[in-house]
Amino acid sequence: MSVKPATNQEYEFYHPDLFVMPENGAKPYLLGYLCQKCGKTWFPKAVPCPECWSEDIIQIPLSRVGKLYSYSTVHVGQKGIQTPYVIGYVDLPENVRVFAQLDMEPAELKIGMDVEVTAGVTRVDPNGVKTVSYKFKAVPAD
Amino acid sequence: MRKVYIVGAGMTPFGKFPDRPYYNLGKQAALEAIKDAAIDHRQIQAGFVGNVMAGMVPGQKVFKELGMTGMQIVNVENACSSGATAVNLGYWAVASGQYDAVMAVGTENLTGNRSGGTALAPDPDDIEGVQGAVMPGIYAMRARRYMEEYGITPEDLALVAVKNHKHASLNPYAQFRNLVTVEEVLASRMIAEPFTLLQCCPVADGAAAVVLCSEEKMRELGAKGVQINASILVSGKYKTEPGDMTVPEISERASRLAYSMAGLGPEDINLVECHDAFTIAEILYYEVLGFCGRGEGVGLLRSGAVELGGKVVFSPRGGLMCMGHPLGATGVAQIVEAVWQLRGEAGARQVQGAKVAMTHVTGGGVSGMDNAACGVHILTV
Ligand SMILES: [Zn+2]
């Protein structure tokens, strides 16, 4: 895993290969790895392709919006994550399923709903240093 | 391949024993299994030892004070399936003709290893682990999805805990022997919605052991063994694409391989010790192990068919739910229970006329896999 300090106050998790938070203020997105031989998309990065062993793999931006496959509110969790916290599996159109924390209230949660990727604090170490990584949230109605 | 029999079985009670290191628990279980087999310990030619948390060479520490040194000792770590893996290796060592008599031991002291107030989590190097995944949360998502697809309720889930407590109340080896009601299960504190505390298997320490031997050796001992008709161990398949979390593929696959190896089917099985780490798990296993169709698990549970006195008794010892789950020990402990049941020695929790038993463990959190490893055994008398 590649956790690198971004500033003294924050860690960013997996940014180069997994997650992009554009500096120009554009919306964050996840990175997929599309095998040019068998057509499968992987998240996280896998080279060679675990399916066909081709090394001809290109990086693609994954769709920002997916469907919530399932969720739970965790009351007894890991050290470093304030409870309760909400977790879920999100299915993206590129045929990948992503596990993440959800920046959502339990009452908002519904299986099958659209959720979009966002950046947020996923854990805080014993010195108070935050890890910022991908999360999902409800797609605002407009 | 030669037939393989279990001629000795032993275990410690399961509970919280912070003062008893794993090697002390393992030694007791091994001693009892050897006494039960009435075999001279010097005839045991190899030992296979399942353990998760202890670190290097736990088996040597189990066997050294029993004077069982010099023989081949193999230490195996395969998460929740470590004990089943030890039995599987012992099975093949005898079946292949390499040895005539071996032991498999599973032993674990968790209370000395786990920090309180946290849930069992995947490795911190795992992408889901680092994002906050914990085992209760993963199974809770299976439950939530199943509830959505089949319209079952929290009360339905709680019935698994009620049944397994009923069974455990008859088992002196169980950690929790109290009866519980649906209301009590649902009122216990929330762990990962929809699971309350009493829907999650508790931490435990304990050990279990079996002596395996060839048919010839069994005759020489004058013993009447329980035959191992199937011993299957598989790993999870890695995929990052969406799949149906209510159909744990690894367990379905392992059970089909076991049925095929044994030449038996679900209709032949009298009792199952399955990996009921969470209430939903047992319901899913009724289905994927082949005892009912998809979405029919709660119906089967409510019919009484999986309770003592029913057609196929699930978790007669009280399951992981009431025994607790000392990771490396569980797979062997399930097999010890199966041996006692098949010999008709299970006391008040005896499954009447039991002739065929199945044991099933699965576990280990690796992102992209149902579980890391699954072990299934079928035993007969
Ligand atoms: Zn490929």
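In the predicted model, Cys374(B) is buried, its relative accessible area being 0%. No disulfide includes Cys374(B), and the nearest cysteine sulfur, which belongs to Cys80(B), lies 11 Å away. Cys200(B) is likewise buried, because its relative accessible area of 11% falls under the 20% limit. Cys200(B) is also in no disulfide; here the nearest cysteine sulfur is that of Cys201(B), at 7.5 Å. A disulfide is a covalent bond between the sulfur atoms of two cysteines. Over all chains, the structure holds 0 disulfides.

The strands of chain B include a set of 10 that form an open sheet with mixed pairing. Their order is β3-β2-β4-β7-β1-β8-β12-β11-β9-β10. The edges are taken by β3 (72-76) and β10 (313-314) of chain B, each of which has a single partner strand, so one side of each has no neighbour in the sheet.

Within this sheet, strand β8 of chain B spans residues 226-235 and is mostly covered, with 8 of its 10 residues buried. On one side, β8(B) pairs with strand β1 (residues 4-11) of chain B in the antiparallel sense, over 2 bridges. One bridge places Ile6(B) with Val226(B) of β8(B). The antiparallel pairing of β8(B) with strand β12 (residues 373-380) of chain B runs over 8 bridges. In that pairing, Ser231(B) is set opposite His377(B) of β12(B). Elsewhere in the sheet, strand β4 (residues 101-108) and strand β7 (residues 206-214) of chain B are also antiparallel partners, joined over 8 bridges. Met103(B) has Val211(B) in β7(B) as its bridge partner. In a regular strand the side chains alternate between the two faces of the sheet.

Chain B is divided into two domains, each made of two segments: domain 1 comprises 4-114 + 204-228, and domain 2 comprises 129-201 + 231-380. The C-alpha centres of the two domains of chain B are 23 Å apart. Contact between them involves 44 residues of domain 1 of chain B and 37 residues of domain 2 of chain B. The size of an interface is often given as the accessible area lost when the parts come together. For the two domains of chain B, the buried area is about 3000 Å², and carbon and sulfur atoms contribute 69% of it. Met11(B), Phe14(B) and Cys80(B) account for 23% of the area that domain 1 of chain B buries against domain 2 of chain B, more than any other three residues. The count of salt bridges between the two domains of chain B is 1. A salt bridge is also found between the side chains of Asp36(B) and Arg343(B), with an N to O distance of 2.6 Å.

Thr181(B) is located in the loop between α6 (154-168) and α7 (182-187) of chain B. Thr181(B) counts as partly exposed because its relative accessibility is 34%. Thr181(B) and Leu66(B) are separated by 115 residues in sequence, and their C-alpha atoms are 44 Å apart in space.

In chain A, strand β9 (residues 96-102) is largely enclosed by the rest of the structure, since 7 of its 7 residues are buried. Strand β8 (residues 85-92) of chain A pairs with β9(A) in the antiparallel sense over 7 bridges. Val86(A) lies opposite Leu102(A) of β9(A). The two strands, β8(A) and β9(A), make up a hairpin with 3 residues between them. In the turn, Asn95(A) has a positive phi of about 65 degrees.

The contact between the chains takes 37 residues from chain A and 35 residues from chain B. About 3300 Å² is buried between chain B and chain A, and 57% of this area comes from carbon and sulfur atoms. The salt-bridge count between chain B and chain A is 1. Glu241(B) and Lys40(A) form a salt bridge in which the closest N and O atoms are 2.5 Å apart.

How values were computed:
Residues numbered from 1 in each chain as written. Chains lettered and ligands numbered in written order. Predicted model: local features only at pLDDT ≥ 70, side-chain atom pairs only at ≥ 80, totals over all residues. Heavy atoms only, no water. Buried < 20%, exposed > 50% of the residue type's maximum accessible area, 1.4 Å probe, protein only. Helix = DSSP H or I, 4+ residues; strand = E, 2+ residues; numbered from the N terminus. Pairing = 2+ DSSP bridges. Disulfide = S-S within 2.5 Å. Domains from an automatic or database assignment. Contact = heavy atoms within 4.5 Å. Buried area = accessible area lost by both parts, 1.4 Å probe. Salt bridge = Lys/Arg side-chain N within 4 Å of Asp/Glu carboxyl O.
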